[in-house]
Amino acid sequence: MGYVLPITPYQSIQYANIQRASLSEPYGQIMAVEIVRKQTRSEKSRERTMDRIFEETERETEREQGVLPFPPMKPVLIKKPEEKTIAEITGKGYIVSTYA
């Protein structure tokens, strides 16, 4: 006599749906390519000046708020692991041949 497990075929249904969707739109996952154009000298200089202004304003706000750019680091102490027996780790095996 056999036993039938109550397992629903969700994975096979999902796989079939994915296959059906890929057949209808085979290039659905490909993103469109953006148009690239060369920057002119004025655009490059404008971008550099905007970056410089942004960095200066960031520095000024940090100075005003008194915030350090990175949090101060605390020294980390690494200890050598202590050697322990299995009985010390598990808490079992100290009392041998005794009746409870």
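Modeller: Keep in mind that this is a predicted model. Helix α2 (residues 41-65) has the highest mean pLDDT among the elements of the protein, at 88, while helix α3 (residues 86-90) has the lowest, at 74.

Biologist: And what does the protein average in pLDDT?
Modeller: The average is 76, and 72% of the residues score at least 70.

Biologist: How many helices and strands does the protein have?
Modeller: There are three helices and zero strands. Going along the sequence, that reads as α-α-α.

Biologist: What share of the residues is buried?
Modeller: Here you compare each residue's relative accessible area with a cut-off, and under 20% is called buried. In this protein, 1% of the 100 residues are buried. The accessible surface comes to about 11,400 Å², and carbon and sulfur atoms account for 60% of that.

Biologist: Now the charges. How many salt bridges does a search of the whole structure find?
Modeller: The idea is to look for a side-chain nitrogen of Lys or Arg within 4 Å of a carboxyl oxygen of Asp or Glu. Searching the whole structure that way turns up two. In one of them, Arg37 pairs with Glu43, with the closest N and O atoms 3.3 Å apart. Arg37 is exposed, at 60% relative accessible area.

Biologist: Which residue forms a salt bridge with Glu55?
Modeller: That's Arg59, and the closest N and O atoms of this pair are 3.8 Å apart. Glu55 and Arg59 sit four residues apart in helix α2, so about one helical turn separates them. Glu55 is partly exposed, with 40% relative accessibility, and Arg59 is partly exposed too, at 44%.

Biologist: Which residues gather in a patch of positive charge on the surface?
Modeller: For a patch, you look for like charges joined within 9 Å, on residues with over 30% relative accessible area and no salt bridge. Here the positive patch brings together Lys38, Arg41, Lys44, Arg48 and Arg52. Take Arg52 as an example: this residue lies in helix α2 and is partly exposed, with a relative accessible area of 47%.

Note on methods: Residues numbered from 1 in each chain as written. Predicted model: local features only at pLDDT ≥ 70, side-chain atom pairs only at ≥ 80, totals over all residues. Heavy atoms only, no water. pLDDT = per-residue confidence, 0-100. Helix = DSSP H or I, 4+ residues; strand = E, 2+ residues; numbered from the N terminus. Buried < 20%, exposed > 50% of the residue type's maximum accessible area, 1.4 Å probe, protein only. Patch = residues over 30% accessible without salt bridge, like charges linked within 9 Å, V, L, I, M, F, W, Y side chains within 5 Å. Areas by Shrake-Rupley, 256 points an atom, 1.4 Å probe, with all protein chains shown as cover. Lys, Arg positive; Asp, Glu negative; His and termini not counted. Charge placed at Lys NZ, Arg CZ, Asp CG, Glu CD.
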